Amino acid sequence: QLVDNQYLLCCNLSSWIVKEAYRSHSIMMLLPLVRKKNLLLTSYSSNDVTYELYKKLGFKDSCSDRRVVYPWPFYSSGQYHLLTDENRMRQSLSPDEQRIVNDHGMFGNEVILITHLQDSCLILAVKRKKYLKIYYVNNRDFLQRHLRFFRTRLIRSCGVKKLLIDECLLEGK
């Protein structure tokens, strides 16, 4: 991948599962990678503990422009359905979307399918104490057009106070 006019090898750290007895040693495996100059390391599905560890190792959040979205009950609509049961949502997902859920759903990520009439949007997010950070949507147009109508319901159903959404998903809309 071309980053700052230089080609870097990319490696996304995911599905890193280590027995508890060996976790203190697992960092030793990561250190040589962190020190490499021509390697771009990413992690889009880390849990709270791993996220904090990565931050201490110098990882940065990928998109620095974020929008904070608060509940706004005046725009709520009952025409939007939120589905969080992965087994039930699989019936509505394409094979590619099912693979995304399989790859990311089991690592503490929130997987939400929002439907409206004949349209839908698959959302992957990380839940922190007070906010839900949306990091992937399969239908950006749906998110951009409909967010104001389902945001309050999404915020309340996830038990958070606000949403954080990378600006690249909203594209200024």
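Let me start with the loop between β7 and β8, where Leu-117 is found. This is a predicted model, so please keep that in mind throughout. Leu-117 has a positive phi of about 55°, although it is not a glycine. As background, most residues other than glycine have a negative phi. Leu-117 is also exposed, because its relative accessible area is 69% and the cut-off for exposed is over 50%.

There is another residue of this kind. Glu-171, again not a glycine, has a positive phi of about 50°. Glu-171 sits in the segment after α6. At 47% relative accessibility, Glu-171 counts as partly exposed.

Back to β7. That strand covers residues 110-116, and His-116 lies in it. Is His-116 buried or exposed? It counts as buried, because its relative accessibility is 9% and buried means under 20%. Leaving out residues up to four places away in sequence, His-116 touches Gln-79, Tyr-80, Phe-142 and His-146.

Next, helix α5, residues 140-157, and in particular Leu-143, which has its place there. Leu-143 has 0% relative accessibility, so it counts as buried. What does Leu-143 contact, apart from neighbours within four places in sequence? The list is Val-137, Phe-150, Ile-165, Leu-169 and Leu-170. If you want a distance to check on the screen, the C-alpha atoms of Leu-143 and Ile-114 are separated by 9.4 Å, and those two residues are 29 apart along the chain.

Now the strands on either side of that helix in the chain path. Strand β8, residues 119-127, runs antiparallel to β9, and five bridges join them. With β10 the arrangement is parallel, and β9 is joined to it by four bridges. There, Lys-133 stands opposite Leu-164 in β10. To get from β9 to β10 the chain passes through α5, and this β-α-β crossover is right-handed.

How enclosed is β9? Five of its seven residues are buried, so the strand is largely enclosed by the rest of the structure.

β9 also matters for the next item, the largest pocket, where it gives the most to the lining, with five residues. The space in that pocket is about 1100 Å³. As a general point, rolling a probe the size of a water molecule over the atoms shows where empty space is left. The pocket is lined by 37 residues, and those nearest its centre are Leu-41, Thr-42, Lys-60, Asp-61 and Ser-62. Elements that each supply at least two lining residues include α1 (23-35), β4 (39-42), α2 (48-56), β10 (162-166) and α6 (167-170). What is the lining made of, by class? There are 21 nonpolar, six polar and 10 charged residues.

Last, the chain as a whole. The secondary structure comes to six helices and 10 strands. Along the principal axes, the C-alpha atoms fill a box of roughly 50 × 40 × 30 Å. The chain has 173 residues, and buried residues make up 36% of them. Taking contacts between residues at least 6 apart in sequence, 64% join residues at least 24 apart.

Note on methods. Residues are numbered from 1 along each chain as its sequence is written. This is a predicted model: local features need pLDDT of at least 70, side-chain atom pairs count only at pLDDT 80 or more; totals for chains, interfaces and linings use all residues. Side-chain values use heavy atoms; hydrogens and water are left out. Buried means under 20% relative accessible area, exposed over 50%, partly exposed in between (1.4 Å probe, protein chains only). Contact means heavy atoms within 4.5 Å. On a 1 Å grid over the protein atoms alone, a cavity is a set of points where a 1.4 Å probe fits but cannot get out, and a pocket is an open set with protein on both sides within 12 Å along at least five of seven lines; lining residues have an atom within 4 Å of a point. Grid points are joined across faces, edges and corners, and a volume is the space filled by probe spheres set on the points. Ala, Val, Leu, Ile, Met, Phe, Trp, Tyr, Cys and Pro count as nonpolar, Asp, Glu, Lys and Arg as charged, and the others, Gly among them, as polar. Two strands pair if DSSP finds at least two bridges between them. A crossover is right-handed if, with the strands pointing away from the viewer, the path from the first strand over the helix to the second runs clockwise.
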